[in-house]
Amino acid sequence: MTRLDTDLIMICASDVAGQLRGKAVPWRAWESRQKNGIGWTPTNVLQTSFGPIAPSPWGALGDLTIRPDPETLIDLEMEEAGIDESFALGDIFTLDDERWDCCLRGQLKTALERLEDRHGLRVKAAFEHEFHYSGLPKQEGLGYTLRTFRRLGTFPNAVMSVLDAAGLDIDTFMPEYGPGQCEVTVGPKPALRAADEAAILRDLVRACAQGQGERASFAPILHPDGVGNGVHVHFSLETLDGQPVCHDPTQPSEVARASGAFVAGILERLPEFLAIAAPSVPSYLRLQPHRWSAAFNNFGNKDRESAVRICPVFGTKDPEAMARKFHFEFRAADAAASPHLLLAALINAGLDGLDRDLTTPTPTETDLAKLSPEELKAAGCTRLASNLDDALSALTSSEWAAKAFGKTLIDVIDRHKRTEISLMEDLSDEEVCARYYEAY
């Protein structure tokens, strides 16, 4: 690839709006910018995806830097796919060279460090991404069909070739259930890399669609009565030397005690961090019973409406292979969430379960939507918030969340998302969905 030293590379950070924002610099400055970063301001974190900036506690004051991580560098020119991309993800630092409280990549690093220091454990993760592609003529009833895959034309191959060239471990592409809906997955990686790849993948898919003269939208739902786009996070725990610790055939549901405590923490704290995992107004049109999403904080086995489920292991009964493949799936998130903050929330909540040595939850085996409040309580489950306002109230009143993420970030999330709510309050559900389709 021929590149001029005046060609630009974008240095970005993942933000509360689930966007990558930053500045572009000439390639000849790439080496120096890895050390010095680019200038940034605290109020940038209050930018919504719809124009207005939420009320900022900093105003015009303050300076920060985004320092790129060269491990995240994407530098692709693929004319056949319509791709010409140069960008990298970075961390936000104060001028005293400390992680900024509202750096979401830094939040994830801090959560991972706590998990290592306190329990000698690491997390591997992989994201499933659902999105809608505008280049597929809508037709009901063709979900998962070869016909739909054929009608997508060159788009799936373009996506996979670009992701492969970007160094992602490509896994599957499928025409999903909804008209125009697709899903793409990549293989598991250490948690920080998994979050980086999730952010990278979304923008490369959008770039591939643009290269075809179309659009890819990761909005949580395109129509109130339509099919939602979830982000399912597959995760497992391992020791610092890489030994898996999720599977124990002697324990209930074959879930090892440490991983059971981790999952229990996630489920207990989910009502408190739901506004991080599902951070948009239309997220709650998707998080409804009988929509193959998560409406309760339950543990499931072979249940795709559970908040966390045990994923089946196919094709082996070998104990070592079972131990490597046995893992869990978190299903209550969507792509309005920063993948870095989402994983930080899962790890902080799981860490809380480990710290308190919680008992592995018992998988539910019934339709929770049919249970009375008393029956739900007896099952150890809670109906999750049905709107972003209630989810934010649970987050801002949580002592655990304030300690896990810091009061500054919780305040920023609240300011940001309540501004987002105010921008949508006079719109119909259809109009809200349309706004998010454009934004994501």
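**H5 against H9**

I started with where helix H5 (residues 191–211) meets H9: Ala191, Leu192, Ala195, Asp196, Ala198, Ala199 and Arg202 of H5 touch Pro339, His340, Leu343 and Ile347 of H9 (contact means heavy atoms within 4.5 Å). Helices here are DSSP runs of H or I with at least four residues, strands are E runs of at least two, and both are numbered from the N terminus.

This is a predicted model, where local features need pLDDT of at least 70 and side-chain atom pairs count only at pLDDT 80 or more, while totals for chains, interfaces and linings use all residues. Residues are numbered from 1 along each chain as its sequence is written, and side-chain values use heavy atoms, with hydrogens and water left out.

By class I got eight nonpolar, one polar and two charged residues in the contact of H5 with H9. For the classes, Ala, Val, Leu, Ile, Met, Phe, Trp, Tyr, Cys and Pro count as nonpolar, Asp, Glu, Lys and Arg as charged, and the others, Gly among them, as polar.

Next I looked up the geometry. The axes of H5 and H9 come within 8 Å and cross at roughly 150°. (Axes are lines fitted to C-alpha atoms, for helices over the stretch in contact, and angles run from 0 to 180 degrees between N-to-C directions.) H5 and H9 are therefore roughly antiparallel; the cut-offs are under 35 degrees for roughly parallel, over 145 for roughly antiparallel, 65 to 115 for roughly perpendicular, and oblique for the rest. The H5 and H9 crossing is right-handed, that is, the near helix is turned clockwise from the far one by less than a right angle, with anticlockwise being left-handed.

**H2 against H9**

I then checked H9 (residues 339–355) with helix H2 (residues 104–119): they pack at about 25°, and their axes are 8 Å apart. That makes H2 and H9 roughly parallel. Their crossing is left-handed.

On the H2 side I noted Leu104, Arg105, Gln107, Leu108, Ala111, Leu112, Arg114, Leu115, Arg118 and His119. The H9 side has His340, Leu341, Leu343, Ala344, Ile347, Asn348, Leu351, Leu354 and Asp355. The class tally for H2 with H9 is eleven nonpolar, four polar and four charged residues.

Which residues of helix H4 (residues 155–165) are buried? I found Phe155, Pro156, Ala158, Val159, Met160, Val162 and Leu163 (buried is under 20% relative accessible area, exposed over 50%, partly exposed in between, with a 1.4 Å probe and protein chains only).

H4 and H5 have axes that come within 10 Å and cross at roughly 135°, so the two helices are oblique to each other. H4 passes H5 in a right-handed crossing. Phe155, Ala158, Val159, Val162 and Leu163 of H4 meet Leu201, Leu204, Val205, Cys208 and Ala209 of H5. I counted that contact by class as ten nonpolar, no polar and no charged residues.

After H4 comes glycine 167, with a positive phi near 90°.

**Loop between H7 and S13**

Histidine 290 has one, at about 70°, and sits in the loop between helix H7 (283–286) and strand S13 (299–301). Tryptophan 292 has a positive phi too, near 55°, and lies in the loop between H7 and S13. Tryptophan 292 is exposed, at 60% relative accessible area.

Serine 253 is in the loop between strand S12 (231–239) and helix H6 (257–277). At 31% relative accessibility, I put serine 253 down as partly exposed. What does serine 253 touch, not counting residues up to four places away in sequence? I listed Ile310, Phe326 and Pro363. Its C-alpha is 8.1 Å from that of threonine 362, 109 residues away along the chain.

Threonine 43 is in the loop between strand S3 (38–40) and strand S4 (64–68). Threonine 43 is buried, with a relative accessible area of 13%. Leaving aside neighbours within four places in sequence, I found threonine 43 in contact with Ile53, Ser56, Trp58 and Gly59.

**Whole chain**

Last, the totals. I have 14 helices and 15 strands for the protein. Its radius of gyration is 21 Å, close to the 22 Å from the globule rule for 440 residues, so the protein is as compact as a globular protein of that length (radius over C-alpha atoms; the rule is 2.2 Å times the number of residues to the power 0.38). Buried residues make up 55% of the 440. Among contacts between residues at least 6 apart in sequence, 70% join residues at least 24 apart.
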